[in-house]
Structure formats: C-alpha cells, structure tokens
Amino acid sequence: WLALFLYTNITTAIGHTCKTVKGILHKIIINSPTNSSIVVYDTPTYTSGAGGTVAPIIATIALGAGTQPFELEYNIEFKYGLTVVSGGASDITIVYK
C-alpha cells in the first residue's frame, strides 16, 4: 500500500517547509480559522525577518475569525519545494505529494 498524499498540520504562526523538492499541492484545509493570513511559496527554504523569503508565491489566503472550516483545492505543481507561512494560530492542513 502506498499513500497517495502526505499532509502537514500547522497550528501556530510559523514558516514551515513541507517539502524540499518538486511535487503537487493538492489542497489546503482550513480546520479552525482565526484573523490571520497564509502565504504558500514555491521554495525549499524559509527565511524570516528583513528580506524574508523571496520566491514565487503560489497562494495568499486571508482568513477571518468565526469563518466555518473550508478547503481550497489546487492540484498544481511546485518546482522547488513547498513552504507555508502562517501569520496566526489558525489550524490548517496542507495536503501534497
């Protein structure tokens, strides 16, 4: 048995690298949204602070508190890696392969 997709669950304000090589972003599941944002980059590394990560942006998602859980389906290729930056404590799940 071979898993079709992998996932990473993020619950804090953090820059998180999900994958360091090319792959497919399947979907982003917003389990418990708060007033925050999520930025998804096509890069294998994350650098915070001045200058930050300079890489192609796959998606920028603004969230509001009290929003019902929802998911966004992408099914798109990333070339270099998959890094997600969460600007708040929203509970999100990134599904990829």
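Select Tyr7 and Val95 to begin: Tyr7 stands opposite Val95 in S8. The model is predicted, with local features requiring pLDDT of at least 70 and side-chain atom pairs pLDDT 80 or more, while totals for chains, interfaces and linings use all residues. Residues are numbered from 1 along each chain as its sequence is written, and side-chain values use heavy atoms, without hydrogens and water.

Now show strand S1 (residues 6-10) with S8; they run antiparallel and are joined by five bridges. Strands here are DSSP runs of E of at least two residues, numbered from the N terminus, and two strands pair if DSSP finds at least two bridges between them.

S3 and S8 pair in the antiparallel sense over six bridges. The bridge partner of Leu25 in S8 is Tyr96. Colour S8 (residues 91-96) by accessibility: five of its six residues are buried, where buried means under 20% relative accessible area, exposed over 50% and partly exposed in between, with a 1.4 Å probe and protein chains only.

Next, select Lys97 and Phe5. The charged end of Lys97 sits over the ring of Phe5, 5.2 Å from its centre; the criterion is NZ of Lys or CZ of Arg within 6 Å of the ring centre and within 35 degrees of the ring normal.

Move to the open sheet of four strands, ordered S2-S7-S4-S5 with antiparallel pairing. Strand S2 (14-19) and strand S5 (57-63) are at the edges with a single partner strand each, so one side of each has no neighbour in the sheet. From one strand to the next, the twist averages 15°, with axes fitted as lines to C-alpha atoms, for helices over the stretch in contact, and angles from 0 to 180 degrees between N-to-C directions. S2 is joined to strand S7 (residues 82-86) by five bridges, and Ile14 stands opposite Ser86 in S7.

Which residues touch the most other members of the largest nonpolar core? Select Ile38, Val40, Leu82, Val84 and Ile94, out of 16 residues in that core. S3, strand S4 (36-41), S5, S7 and S8 each give two or more residues to this core. Such a core is a set of buried Ala, Val, Leu, Ile, Met, Phe, Trp, Tyr and Cys residues joined through side-chain atoms within 4.5 Å.

Finish at Asn75 in strand S6 (residues 70-78). Phi of Asn75 is near 50°, a positive value in a residue other than glycine. Asn75 counts as partly exposed because its relative accessibility is 40%.
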